[in-house]
Amino acid sequence: MHTYQNFIAGEWIAAKSGQTFQTTNPADSREVVAQYVRGEQADATGAIAAAKGAAAGWAATTAVARGRILSKASQLLESRKAELAELLTREEGKTLVESSGEVQRAIDIFRFFGGLSYTLGGQTIPHDLPGNLLFTRREPLGVVALITPWNFPIAIPAWKLAPALVSGNAVVIKPASQAPAMTLELARALAEAGLPKGVLSVVTGEGRSVGAELASHPAVAALSFTGSYAVGSAIYQQLAPRMARAQMEMGGKNPTIVLTDADLDLAATLVVKAGFGLTGQACTATSRVIVEHRVLEPFLDKLVAKTRALKVGNGLAAGIDMGPAVSRQQLEGNLAYIDGAVKDGAKLLCGGQRLTDGDLAHGWFMQPTVLADVKPAMRLACEEVFGPVVAVLAVESFDEAIAVANGLEVGLSASLVTRDLKKAMLYAERIEAGVVKINQISTGLALQAPFGGVKKSSTDSFKEQGAGAIEFYSKLKTVYLDYSA
Ligand code: NAD
């Protein structure tokens, strides 16, 4: 078992209350993975004070100097990649292949923003008069808070921390309590790489105490959150009265549309990967498959065959395609959605059961599940399940497919499978989503490209990832200088 303290003002320290909590392995709940500090409001307040104290000194360093620390941290993480991936799998449950990919993503993100540091700065703008210089300065915001979910426990903290730090902010981060280890390991790497004390603090603990303090403290100039709509919208309202900058990235109900002209083998492969990879616990997971009626039967045959072929088990074992749900609560929620959908008239084509054979009985395993005859008004077609459950809806035309896809209040990722270039381009124009994928899985992002949702999936005023991520973490000042006299 690992034991972690909070990381505040450059020191590893216990909670003021002395309380702790533990995480267990979702693949085998008998195994305690790690023990953490149960931070409370006072711990968050202390971390914010440390950040406030360190902010000016950090802001006064150059972006290039800050970038060097990120690049060094990237190397340190790389030297520990295998160990971190194993710990990630033990704590969150995804397969070792998925965890290794995610740790690599964090390594690459730190490297990317380390390099980007050489390009950060303002812009020179032509003035209308001679002897005048007009330019912008890019400046940090001060103290920035980050609140992250459990499903990408290293990638999401990394894609917020790297642009926040390279922009010159002091940061307090609160990871989700289901899987905090990776955030503390990022802090360890950054500290070893030379990050000054107080510039980064990690406070573990409950959302309603630690998270609420980060949302409401007047010294926090900006807060970037990823998680559920319920929590994100509540935090947004806490930030609004003091006009703190807000970035809320929330859930989706991502469609993959399969048109009559699609390569049906490819379509089934994409849906299986995007629906059941990461146990369906991705914000960009495919959860609605909208299929033109003429190819429904052959598509379903292929989808069911590929789904049944998936191997479910402990993500540390070789050859496993899908790990467990993150918790008993998540598993029970997934199964309840399936029961509800069947009661609403959906047809269960495969899966639908908890898996309890042998060692699986100690974990939160279930079968990957496909339900057909789902109608747009059913709960399963409207709400995010966040598990390995795919709902298939039949439509008569491309236009109806887009209308069904756009019929919800969320818009994160949306995929289309077609060989028709015109329809692909029309789809890119008409679909209401922040990420559009054509003949690709709805999950999976390029770290160098902007990412974020639209509608109720995001506050959508700033994008995450890519070079543009620094927009959220910095402000521009416009300077007019007259040297004509
Ligand atoms: P969650 O909203 O339950 O928790 C997210 C974080 O908020 C956690 O750290 C939690 O402790 C904290 N929190 C909870 N209550 C709080 C409060 N009152 N004040 C402040 N902080 C509080 O979400 P989750 O279950 O960890 O993650 C799953 C959700 O995240 C899904 O809806 C998923 O779609 C979404 N998600 C979105 C993206 C994206 O980029 N759009 C990426 C990954 C996950």
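Predicted model: local features only at pLDDT ≥ 70, side-chain atom pairs only at ≥ 80, totals over all residues.
Local features need pLDDT of at least 70 and side-chain atom pairs count only at pLDDT 80 or more, while totals for chains, interfaces and linings use all residues. Residues are numbered from 1 along each chain as its sequence is written, and side-chain values use heavy atoms, with hydrogens and water left out.

Let's begin with helix α1 (residues 41-60) and helix α7 (residues 207-216), whose axes come within 8 Å and cross at roughly 35°. Helices here are DSSP runs of H or I with at least four residues, and strands are runs of E with at least two, numbered from the N terminus. Axes are lines fitted to C-alpha atoms, for helices over the stretch in contact, with angles from 0 to 180 degrees between N-to-C directions. From α1, Gln41, Ala44, Thr45 and Ile48 meet Ser209, Val210, Glu213 and Leu214 of α7; contact means heavy atoms within 4.5 Å.

Helix α7 also leads us to the ligand, giving the most to the shell around it, with 3 residues. Of the 26 residues around the ligand, Thr148, Lys174, Ser228, Met250 and Glu384 come nearest, where a residue is near if one of its heavy atoms lies within 4 Å.

Now for the polar contacts, which are pairs of N or O atoms within 3.5 Å. A polar side-chain atom of Ser228 sits 2.6 Å from a ligand oxygen atom. A backbone N or O atom of Gly227 is 3.3 Å from an oxygen atom of the ligand, and a polar backbone atom of Gly207 is 3.3 Å from a ligand nitrogen atom.

Conventions
Polar contact = N/O pair within 3.5 Å; in protein donor to acceptor, adjacent residues only side chain to side chain.
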